[in-house]
Amino acid sequence: MGLLEQCKAGDEEAWRRLVQKFVRPVFRWAVLLGLPAAEAEDVAQEVLMIALRKIDQCEEEQGLKPWLFRITKNVAANARRKVWFRRGVLEGDAPEPAFE
């Protein structure tokens with residue numbers, strides 16, 4: 001039985017191995033997607049928590065790494081939007097609209 005199947009079966013040791021194996025690649029991918037290190041750490045944590053909840057959605061032929069990287073891409077995009085919103089809208093740095 002592979003790591004994916006063990007995780008789907010609820011094997012806690014398999015989850016620890018999954019986290020150890022993928023936390024750094026997920027973090028690095030988040031940094032490559034343009035996040036600062038602190039944000040990338042938060043994204044990596046969130047990705048692994050999502051994976052824990054949704055492991056049944058990961059297909060065998062798809063593989064864990066591409067699935068985790070796709071989740072990372074989506075979570076990183078959401079993190080960038082939150083940063084933009086905080087900086088732009090809440091702190092007043094948003095550009096003025098072109099219309100009046």
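A residue is classed as buried under 20% relative accessible area, as exposed over 50%, and as partly exposed in between. In the predicted model described here, W29 has a relative accessibility of 28% and therefore counts as partly exposed. T72, by contrast, has a relative accessibility of 0% and so counts as buried.

W29 belongs to helix 2, which comprises residues 12-32. The 21 residues of this helix reach 30 Å from the first C-alpha to the last, close to the 30 Å expected at 1.5 Å a residue. The N-terminal end of helix 2 is capped by D11, a side-chain oxygen of which lies 2.9 Å from the backbone nitrogen of E13. Further along, helix 2 carries a kink of about 40° at F22, shortly before the proline P25. Both F22 and P25 are among the buried residues of the helix, which also include A14, W15, L18, V26 and A30. Just after helix 2, G34 adopts a positive phi of about 105°.

A single aromatic pair is present in the structure. The pair is formed by W29 and F69 in a stacked arrangement, with 5.5 Å from centre to centre and 5° between the planes. Because W29 lies in helix 2 and F69 in helix 4 (residues 64-90), this pair ties together parts that are 40 residues apart in sequence.

Helix 4 also contains T72. When residues up to four places away in sequence are not counted, T72 touches V26, W29, A30, L33, V43 and V47.

The largest nonpolar core has 27 residues, of which L18, L64 and W67 touch the most other members. Two or more residues are given to this core by each of helix 1 (3-8), helix 2, helix 3 (37-54) and helix 4. The greatest contribution comes from helix 4, with eight residues. For W67, leaving aside neighbours within four places in sequence, the residues in contact are A51, K54, I55, Q57, C58 and Q62.

Notes
Residues numbered from 1 in each chain as written. Predicted model: local features only at pLDDT ≥ 70, side-chain atom pairs only at ≥ 80, totals over all residues. Heavy atoms only, no water. Helix = DSSP H or I, 4+ residues; strand = E, 2+ residues; numbered from the N terminus. Expected span 1.5 Å × (residues − 1). Bend = angle between axes of the 7 residues up to and from the residue. Buried < 20%, exposed > 50% of the residue type's maximum accessible area, 1.4 Å probe, protein only. Polar contact = N/O pair within 3.5 Å; in protein donor to acceptor, adjacent residues only side chain to side chain. Phe/Tyr/Trp six-rings, centres within 6.5 Å; stacked < 30°, edge-to-face > 60°. Contact = heavy atoms within 4.5 Å. Core = buried A, V, L, I, M, F, W, Y, C linked by side-chain atoms within 4.5 Å.
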